[in-house]
Amino acid sequence: MIYFDNAATSQKPQFVIDSLVDYYQNDNANVHRGIYELSERATNAYEQARDKVQNFIHAKKREEVLFTRGTTESLNWLASTYGAENIKQGDEILISYMEHHSNIVPWQQLAQRVGANLKYINLKADGTLDLADAEEKMSDRTKIVSVTHASNVLGVVNPIKELAQMAHQHGAIMIADGAQSAPHMVIDVQDMNVDFFTFSGHKMLGPTGIGVLYGKYDVLNKMNPAQFGGEMIELVDLHEATFQPLPWRFEAGTPNIAGAIGLGAAVDYLTNIGMTEVEAYEQSLVSYALPKIKKIPGVTVYGPQDSEHHSGVIAFNLDSVHAHDLATALDQEGIEVRAGHHCTQPLMRYLGIAATVRVSLYIYNTREEIDHFIDIIGKIKEYFNREFA
Ligand code: PMP
């Protein structure tokens, strides 16, 4: 089988699977509670995972790393906490036309609730973000700028550092959706100077159901928790309660302990390879694959056309074969790709299409797999042309 759907989720190395089994077999206990050794071991493993994530994204403090269920939950938390506390009627939230639904709908809901306006940054013809339009759409009314670091369709990596600078000049905060960047490149939240950064463990070799919300200490510290209950409290009286300091204040209830440990193992695995090497390897695959895909007669590739500006997500259509038919035919040949709107319906509408096929690459994919994929596409195309001409 050739697995080319890494933007949806990644496969898991044995090392990560072993870390989960090891935790459940040897260290399983609840965290932050027990006075006994087993609970201390579980707590240490859970908190060590936080340190690993802190180093991985170059956060200043470990308290800035909150475990969530994933990018979707992180962004929803932001809308329902920071958003609800800071966005008033007439304020503006600025996102882009290339956002995943999880970076659109929470803001739509918030805007509808408080009477704020949701605005969209245009894209240029090559699918990259129009920074001049971003600048034009920012004003003193802009309170939140939330943009994806890397597109899950266009293969574009956005200039988050520049956007953050612009956002801050207007007094807005900058949120970056790192679901498609954290697995593939060096992440430095301090260098980008983002206020919040979100990502999911399952797209970077880790388990499902675990992700991260990074927030700058001072911003997080002023925010109310998204959820209340055990673990996050200090003292509970009949009518009021006081809360733990960061980061635990945001982690109500028994957390996904195994998930965090598994994510920590994934971080170890990727760090051991080196994120610079990961990025370089994937870039070499893109340089190999993109020209070959573009050479297929009748193909339209979306996003930048040159491999230097295109990450490992390659979305395309074939003029003679519907995206779903192509993906089904590829599946019959043991090649797994995604077809559809990729949770980006506004982007599809912006591009004037209904769906695309999407190949998304990761560290275990090879040139041989790409060669085989190109051969098979040729055969499928021939078949469709013959049968349905
Ligand atoms: N943002 C982007 C850019 C994504 O690609 C995805 C996953 N497809 C998400 C957000 C949502 O991630 P999750 O489903 O892990 O919460």
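Visitor: How many Å separate the centres of domain 1 and domain 2?

Guide: In this predicted model, the centres of domain 1 and domain 2, taken over C-alpha atoms, are 29 Å apart. The domain assignment gives domain 1 as 2–8 + 275–387 and domain 2 as 14–273. Their contact takes 31 residues from domain 1 and 32 residues from domain 2.

Visitor: What area is buried between domain 1 and domain 2, and which atoms give 62% of that area?

Guide: The buried area is about 2,600 Å², and carbon and sulfur atoms give 62% of that area. On the domain 1 side, Met275, Tyr350 and Tyr362 supply 27% of the area buried against domain 2, more than any other three residues.

Visitor: Which residues touch the most other members of the largest nonpolar core?

Guide: Ile57 and Phe197 do, in a core of 64 residues. Helix α9 (residues 257–273) gives the most to this core, with 9 residues. Domain 1 and domain 2 each contribute at least three residues to this core. Apart from it lies another core of 33 residues, including Ile2 and Val337.

Visitor: What is isoleucine 57 in contact with, leaving aside its neighbours within four places in sequence?

Guide: The contacts of isoleucine 57 are Val65, Ile187, Asp188, Val189, Phe199 and Tyr214.

Visitor: How do you know that the length of helix α1 agrees with its number of residues?

Guide: Helix α1 (residues 14–27) has 14 residues, which at 1.5 Å a residue should span 20 Å. The C-alpha atoms at its ends are 19 Å apart, so the two values agree.

Visitor: What are the buried residues of α1, and what puts them on the same side of the helix?

Guide: Val16, Ser19, Tyr23 and Asp27 are the buried residues of α1. They cover an arc of only 55 degrees around the axis, and therefore lie on the same side of α1. An α-helix has 3.6 residues a turn, so residues three or four places apart point the same way. The buried residues of α1 pack against α2 (37–57) and α9. On the face turned away from the buried side are the exposed residues Gln14, Tyr24 and Gln25.

Visitor: Why is glycine 303 called buried?

Guide: Buried means under 20% relative accessible area. Glycine 303 has 11% relative accessibility, so glycine 303 counts as buried. Glycine 303 is in the loop between β11 (299–301) and β12 (313–318). Leaving aside its neighbours within four places in sequence, glycine 303 is in contact with Asp126, Gly127, Leu154 and His310. Aspartate 126 is 177 residues away in sequence, yet 5.3 Å away in space, C-alpha to C-alpha.

Visitor: What makes the phi of histidine 58 worth a remark?

Guide: Most residues other than glycine have a negative phi. Phi of histidine 58 is near 55 degrees, a positive value in a residue other than glycine. Phi of cysteine 343 is also near 55 degrees. Cysteine 343 is in the loop between β14 (338–340) and α12 (345–351). At 32% relative accessibility, cysteine 343 counts as partly exposed.

Visitor: How do you know that the peptide bond from leucine 246 to proline 247 is cis?

Guide: Its omega is near 0 degrees. Proline 247 is in the loop between β10 (241–243) and α9.

Key. Residues are numbered from 1 along each chain as its sequence is written. This is a predicted model: local features need pLDDT of at least 70, side-chain atom pairs count only at pLDDT 80 or more; totals for chains, interfaces and linings use all residues. Side-chain values use heavy atoms; hydrogens and water are left out. A nonpolar core is a set of buried Ala, Val, Leu, Ile, Met, Phe, Trp, Tyr and Cys residues joined through side-chain atoms within 4.5 Å. Buried means under 20% relative accessible area, exposed over 50%, partly exposed in between (1.4 Å probe, protein chains only). Helices (H or I, at least four residues) and strands (E, at least two) are DSSP runs, numbered from the N terminus. Domain bounds come from an automatic or database domain assignment. Contact means heavy atoms within 4.5 Å. The expected span of a helix is 1.5 Å times one less than its number of residues. The arc is that of the directions from the helix axis to the C-beta atoms. Buried area is the accessible area (1.4 Å probe) that two parts lose on being put together, summed over both.
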